[in-house]
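Subject: Structure handover

Hello,

Here is the structure for you to take over. My notes on what was found follow below it.

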Amino acid sequence: MVQMEEVIIGKASLAPDRYFSPDAAQKAVALELYQSVAGLPLVCPHGHVDPRLFADPEYTFGSPTELFLIPDHYIFRMLYSQGVPLEALGIPRQDSRATETDHRQAWQLFAKHFHLFRGTPTGIWLREELAQLFGVTEKLDGGNAQAIYDQIAAGLQSPEFKPRRLYERFNVEVLCTTDAATDRLAHHQAIRDSGWPGRILPTFRPDAVVNLDTEGWRDHVLALGEVSGIEVTDYRSFIHALEQRRAFFKDMGAKATDHAARSAYTSELSPSEAARLFQRALKGQAGDEDAFRFTGHMLLEMARMSVEDGLVMQLHVGAYRNHNEAIFHRFGRDMGADIPVQAEFTHNLRPLLNKYGNDTRLALILFNLDETTYGRELAPLAGHYPAVKLGPPWWFFDSLNGIRRFFDEVMETAGLYNTAGFNDDTRAFPSIPARHDLWRRAGADWLAGLVVRGVVDMAGGREMARALAYDLAKAAYRL
Amino acid sequence: MVQMEEVIIGKASLAPDRYFSPDAAQKAVALELYQSVAGLPLVCPHGHVDPRLFADPEYTFGSPTELFLIPDHYIFRMLYSQGVPLEALGIPRQDSRATETDHRQAWQLFAKHFHLFRGTPTGIWLREELAQLFGVTEKLDGGNAQAIYDQIAAGLQSPEFKPRRLYERFNVEVLCTTDAATDRLAHHQAIRDSGWPGRILPTFRPDAVVNLDTEGWRDHVLALGEVSGIEVTDYRSFIHALEQRRAFFKDMGAKATDHAARSAYTSELSPSEAARLFQRALKGQAGDEDAFRFTGHMLLEMARMSVEDGLVMQLHVGAYRNHNEAIFHRFGRDMGADIPVQAEFTHNLRPLLNKYGNDTRLALILFNLDETTYGRELAPLAGHYPAVKLGPPWWFFDSLNGIRRFFDEVMETAGLYNTAGFNDDTRAFPSIPARHDLWRRAGADWLAGLVVRGVVDMAGGREMARALAYDLAKAAYRL
Amino acid sequence: MVQMEEVIIGKASLAPDRYFSPDAAQKAVALELYQSVAGLPLVCPHGHVDPRLFADPEYTFGSPTELFLIPDHYIFRMLYSQGVPLEALGIPRQDSRATETDHRQAWQLFAKHFHLFRGTPTGIWLREELAQLFGVTEKLDGGNAQAIYDQIAAGLQSPEFKPRRLYERFNVEVLCTTDAATDRLAHHQAIRDSGWPGRILPTFRPDAVVNLDTEGWRDHVLALGEVSGIEVTDYRSFIHALEQRRAFFKDMGAKATDHAARSAYTSELSPSEAARLFQRALKGQAGDEDAFRFTGHMLLEMARMSVEDGLVMQLHVGAYRNHNEAIFHRFGRDMGADIPVQAEFTHNLRPLLNKYGNDTRLALILFNLDETTYGRELAPLAGHYPAVKLGPPWWFFDSLNGIRRFFDEVMETAGLYNTAGFNDDTRAFPSIPARHDLWRRAGADWLAGLVVRGVVDMAGGREMARALAYDLAKAAYRL
């Protein structure tokens with residue numbers, strides 16, 4: 001059986017200077033900077049890990065296919081794009097029609113297409129996980145698929161693979177989940193009650209009740225009334241219920257809220273207009289334009305509440321969700337069919353920033369899928385407004401090139417200290433070390449580039465590397 | 001006289017490691033990868049070479065000015081931008097007013113301004129062509145202009161410069177032309193009839209009959225009726241005529257269609273609405289909005305036909321054609337006055353992709369002049385929809401930096417295998433080897449960067465280099 | 001006291017090969033190219049230095065805080081973004097409420113936050129200025145703040161720090177200021193009258209009278225009537241008054257005009273429509289749309305006048321000025337709260353270019369804060385229209401990365417010779433050498449990259465380096 005201790009601490013076959021620029025001088029500096037931060041604890045202020053993993057001390061990840069393939073739309077979308085049906089990969093259908101149930105078969109198909117991930121961040125993370133967690137150093141392919149399946153399956157049996165144990169071995173300092181406004185946070189309560197010292201914190205995400213066009217919005221509002229104990233009959237009680245939930249989340253350790261919108265549009269409605277829109281929605285009569293305006297208004301309300309209760313406000317902008325109707329109907333949400341759209345912040349955020357942007361009690365962290373806004377809008381906004389910080393490159397851009405472009409386009413104008421460090425933003429708990437490690441390596445390489453060009457000196461570089469790896473995230477999220 | 005054999009196979013003075021990154025380690029890997037693909041046949045699935053070149057075994061290119069300058073808007077636009085009148089370069093006017101007829105004079109002017117091409121792809125291609133095809137290794141300037149003119153003119157006399165002979169010496173495997181829907185493909189027929197084994201295939205381009213705002217649209221539709229033998233009196237007969245032409249092109253060896261539009265807008269019209277718009281156009285009453293909507297509808301129709309007949313569908317989006325009215329009136333189309341505009345794919349292509357994007361019988365290859373869509377829209381679309389592939393960087397971006405940015409922004413998300421390899425997209429047949437060579441070098445350098453950073457290993461790099469240089473284009477175009 | 005001669009000529013502790021790429025081969029070439037242009041005179045065709053500096057031979061810069069901090073929104077915006085109130089930095093309020101008056105206190109706060117500028121262009125310029133002008137080679141921080149304050153204050157006492165003396169020691173060849181259309185150019189006249197041989201030229205900037213939505217527009221128009229001696233009662237007299245002022249500026253040595261607009265929209269109004277809009281504005285009834293259309297029309301008028309009088313036309317597009325209302329009300333304009341917006345040139349400039357773009361008497365130099373237009377619109381426009389040249393990367397993008405991206409995205413399509421060299425665009429006269437030096441170094445490094453890749457040879461590289469550093473700016477501005 002695999003020597004877990006060894007592989008987890010990185011004794012596998014991967015080169016110690018991987019992902020750095022090839023220039024020898026830069027590489028040496030990058031390695032030195034990287035080594036100075038490689039051992040720092042992992043701060044995970046935003047992500048989508050299921051708190052159940054830690055609530056249940058006996059939680060197990062299932063088969064290799066259940067661990068790596070079925071829950072990861074980064075992976076199966078790539079096979080789907082090459083004509084592999086999702087059913088053949090074991091992805092469950094909504095209509096419960098047949099899907100592959102033999103996990104070895106699905107794994108075989110995945111392994112056969114592993115070359116598709118060449119040069120992709122998913123390919124890097126997978127290789128890192130396979131090597132670091134399971135001691136798999138061969139490249140996966142159709143020939144070795146079953147042997148590697150066996151190797152992973154054996155590893156997964158080990159008590160070392162319980163999530164709580166991994167949390168400790170990964171050296172995670174804190175991990176924030178993302179939870180619906182209507183969530184009673186039972187898993188978080190169970191974690192607290194268990195006495196286990198891991199720090200798993202909830203994050204307040206009210207999208208389903210705030211965005212009027214959410215499927216089943218009225219049911220979500222009903223649920224909001226139930227969990228808050230405040231019957232939601234109008235805009236006013238809606239706001240009270242949200243405030244109640246924020247207070248509850250805060251009691252449960254939450255440090256932040258999270259908001260997703262296709263656009264960054266913000267604009268304050270008059271109280272009567274907000275009330276009218278809300279009533280229309282309750283009657284099932286709200287249109288697209290109503291939903292758009294109400295979301296824009298609620299972002300201002302959420303900023304107001306953040307000023308008052310101190311919860312950090314995250315805003316994720318720019319995904320056209322469920323672009324592929326057929327896939328959505330057959331398989332549901334989060335199936336690799338979310339496609340970015342253009343974003344705009346300068347006009348859209350102005351109402352919010354003019355009202356709250358100068359208030360240092362607000363911390364607004366911006367995420368975005370349109371890189372053109374990095375240098376043009378986001379960096380100048382973060383480089384001026386005290387309330388604004390920039391989140392790390394998101395989703396498709398959490399990659400070696402994506403991170404490099406982010407540094408390149410943001411840092412000169414925003415300055416390092418108006419960014420919010422890293423967050424892994426992942427459902428895949430076992431991939432967390434690989435993601436942080438890639439960020440730390442990319443950061444070290446960027447800084448090494450500044451050092452060898454004489455832009456910053458080594459002492460400055462060290463402080464910046466530590467900030468990127470650890471300090472900025474803690475400060476930005478008030479952890 | 002020049003030793004053609006020698007120069008064509010690249011014994012000229014150009015450095016073997018040109019265009020690679022300067023880092024010694026990366027350069028060595030790049031050279032190795034490049035050499036592994038440098039000798040592969042050229043696959044040319046999209047371009048604008050006139051089939052007459054191959055239909056007429058005695059075709060000659062004329063004077064050096066006729067070969068290099070007069071037909072190449074990449075070149076004369078640059079001189080024009082610096083105040084050189086197009087008339088002085090021998091470009092024929094539409095109104096047949098005077099233009100320079102002394103080709104040596106025009107060449108002299110070109111040579112005098114040759115420094116304008118420093119650092120441009122045109123400058124690179126010209127240098128490569130002059131060296132590889134004519135043994136000209138001096139930099140062109142006002143002083144040596146006439147001597148070099150003589151040297152080129154002598155070369156052009158050689159039987160080695162017949163297009164069929166060049167095709168063979170360039171090691172072209174297949175070359176696709178671009179042909180109007182109304183073209184009878186007489187030259188293609190002549191090539192077939194001649195028994196010459198070169199593979200010259202037509203491509204079906206119906207823009208002139210599909211885009212209602214084409215100048216002389218009704219004449220084109222009339223011609224469509226004539227060549228198809230289907231009188232086009234309404235939308236229904238129009239569709240039948242198009243289907244007939246597609247079948248004819250396919251019989252003649254076509255593998256693909258090509259469609260140009262300023263925007264990627266697609267939206268299905270009801271049959272009655274389509275019929276109504278078409279009637280309006282027949283009466284000469286279609287407005288801009290009608291043309292826009294009809295094109296958007298016809299893209300869906302073309303996708304439907306591709307699903308049925310298997311022709312690969314190419315879509316080129318984003319040029320504002322004939323931006324300069326004065327130049328258009330005096331000299332006509334393709335005079336270097338086409339300027340890109342912003343593009344949008346996420347919303348615009350959704351109707352088409354929701355209808356046909358999950359169908360593996362469709363292959364939709366996208367081209368575009370707005371690089372901001374690479375990472376934001378195109379790569380995520382190609383990385384999800386089975387039908388979508390990304391064409392190589394187009395036009396202004398078929399350049400060392402343009403290719404590098406394309407790799408940088410597309411590959412991590414789309415994956416290499418959702419791209420369509422290279423196509424030279426040129427009218428200038430003699431420039432084809434230089435264009436492919438630049439692509440192969442740029443690809444090798446990009447891959448070397450991945451290898452030296454430890455992202456892919458050398459075995460993977462070799463396969464990827466071959467895919468970029470050869471396999472992907474053949475697969476994407478079903479050649 | 002500091003040995004000024006020594007530090008100004010660059011004997012300070014900064015590495016001679018700073019800011020170059022780390023590759024040894026490229027760095028050697030970069031250094032050689034840089035050294036070939038480092039000593040060339042500084043051509044400053046566009047900027048915001050106050051002509052008073054040169055009109056008054058006894059002008060002094062005040063305290064270190066008055067020199068570096070109070071006038072420089074690049075600096076104080078960064079501290080503000082981190083929660084430091086502008087009042088604490090000594091920035092004067094419009095309402096004359098209390099602000100820090102102890103310059104040493106403000107300096108201490110600045111020094112304490114100096115690490116915020118790590119990796120920013122401001123950080124580079126400051127370090128260069130401190131080292132080159134004041135011999136300060138320690139990094140500024142809270143500990144050495146007062147000692148460095150003393151060192152700078154002592155330097156500022158020296159006669160070497162009179163602006164005229166600095167002009168000579170900086171080796172400035174010509175410096176253009178930016179002056180309102182209503183300015184009587186008294187300082188410029190005083191400079192002329194003084195017999196001092198420095199070349200300080202005015203630039204005609206009519207924004208305040210051309211943009212109907214300028215605060216106090218009618219007062220500006222009144223002033224225009226007064227200085228021109230042409231009573232402005234209607235559109236016709238307005239145009240005459242502008243023509244009169246242009247002639248006056250030209251007499252006073254002006255070579256150029258400058259125009260700022262949020263968008264590049266141009267569209268010609270009929271004379272009656274222009275007259276009607278102008279009347280509406282005189283009555284205080286012009287709305288946002290009126291102002292937008294009138295500006296778009298006046299850009300065409302300004303191009304017409306440039307064709308006639310030969311003044312180079314500069315157009316700066318894309319800033320949302322005074323984005324932060326609270327800051328604007330408290331502190332006024334230019335407080336670091338200008339945020340870029342998306343720009344569009346292909347459609348917007350077409351009316352102007354179709355009317356004047358083929359006329360070589362017009363020189364239109366374009367500036368822009370939306371880098372996405374570099375390769376997509378600006379480079380193709382400059383690479384076609386004889387009248388169009390591209391200004392250097394502006395504002396936030398006048399930085400190491402910004403310059404590199406500009407070269408990368410513009411040069412292949414536009415060609416070097418359709419760009420306008422460098423301009424420092426600064427209010428901060430003492431920072432001018434550092435800004436030009438950074439440009440020259442960045443240019444040398446870019447060219448070295450072309451040389452080591454075999455794209456251009458060393459002879460070409462030298463000519464290009466000289467063009468970037470000196471020739472292009474002189475030619476573009478007809479100096």
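For the strand pairs below, two strands count as paired if DSSP finds at least two bridges between them. Please also keep in mind that this is a predicted model.

Sheets in chains A and C

In chain C, strand E2 (residues 172–176) and E4(C) meet that criterion with two bridges, in the parallel sense. Within this pair, Leu175(C) stands opposite Ile200(C) in E4(C). The pair belongs to an open sheet of three strands, ordered E1-E2-E4 (chain C), with parallel pairing. Its edge strands are E1 (42–44) and E4 (200–201) of chain C, and each of them pairs on one side only.

Chain A has an open sheet of three strands as well, in the order E1-E2-E4 (chain A), and the pairing there is parallel. E1 (42–44) and E4 (200–201) of chain A are at the edges with a single partner strand each, so one side of each has no neighbour in the sheet. Strand E2 (residues 172–176) of chain A runs parallel to E4(A) and is joined to E4(A) by two bridges. The bridge partner of Leu175(A) in E4(A) is Ile200(A).

A strand pair in chain B

In chain B, strand E6 (residues 256–261) has five of its six residues buried, so the rest of the structure largely encloses E6(B). E6(B) is joined by six bridges to strand E7 (residues 312–317) of chain B, and the two run parallel. One of the partners is Val317(B) in E7(B), which is bridged to Ala261(B).

Contacts between chains

Between chains B and A, 38 residues of chain B are in contact with 38 residues of chain A. On the chain B side, the elements that give two or more residues are helices H2 (24–37), H17 (350–356), H18 (372–382), H19 (400–414), H20 (432–452) and H21 (458–476) of chain B. H18(B) provides the largest share of that side, seven residues. By class, the side of chain B that touches chain A has 14 nonpolar, 16 polar and eight charged residues.

Between chains A and C, 38 residues of chain A are in contact with 38 residues of chain C. On the chain A side, at least two residues each come from H2 (24–37), H17 (350–356), H18 (372–382), H19 (400–414), H20 (432–452) and H21 (458–476), which are helices of chain A. The largest share of this side, seven residues, is from H18(A). The side of chain A that touches chain C divides into 14 nonpolar, 16 polar and eight charged residues.

Domains of chain A

In the contact between them, 21 residues of domain 1 of chain A meet 19 residues of domain 2 of chain A. Helix H5 (73–81) and helix H7 (121–134) of chain A each supply at least two residues of the domain 1 side. H7(A) gives the most to that side, with seven residues. The domain 1 side divides into 11 nonpolar, three polar and seven charged residues.

Regards

Terms used:
Residues numbered from 1 in each chain as written. Chains lettered and ligands numbered in written order. Predicted model: local features only at pLDDT ≥ 70, side-chain atom pairs only at ≥ 80, totals over all residues. Contact = placed C-beta atoms within 7 Å. Helix = DSSP H or I, 4+ residues; strand = E, 2+ residues; numbered from the N terminus. Nonpolar A, V, L, I, M, F, W, Y, C, P; charged D, E, K, R; others polar. Buried ≥ 20, exposed ≤ 12 C-beta atoms within 10 Å, placed from the backbone.
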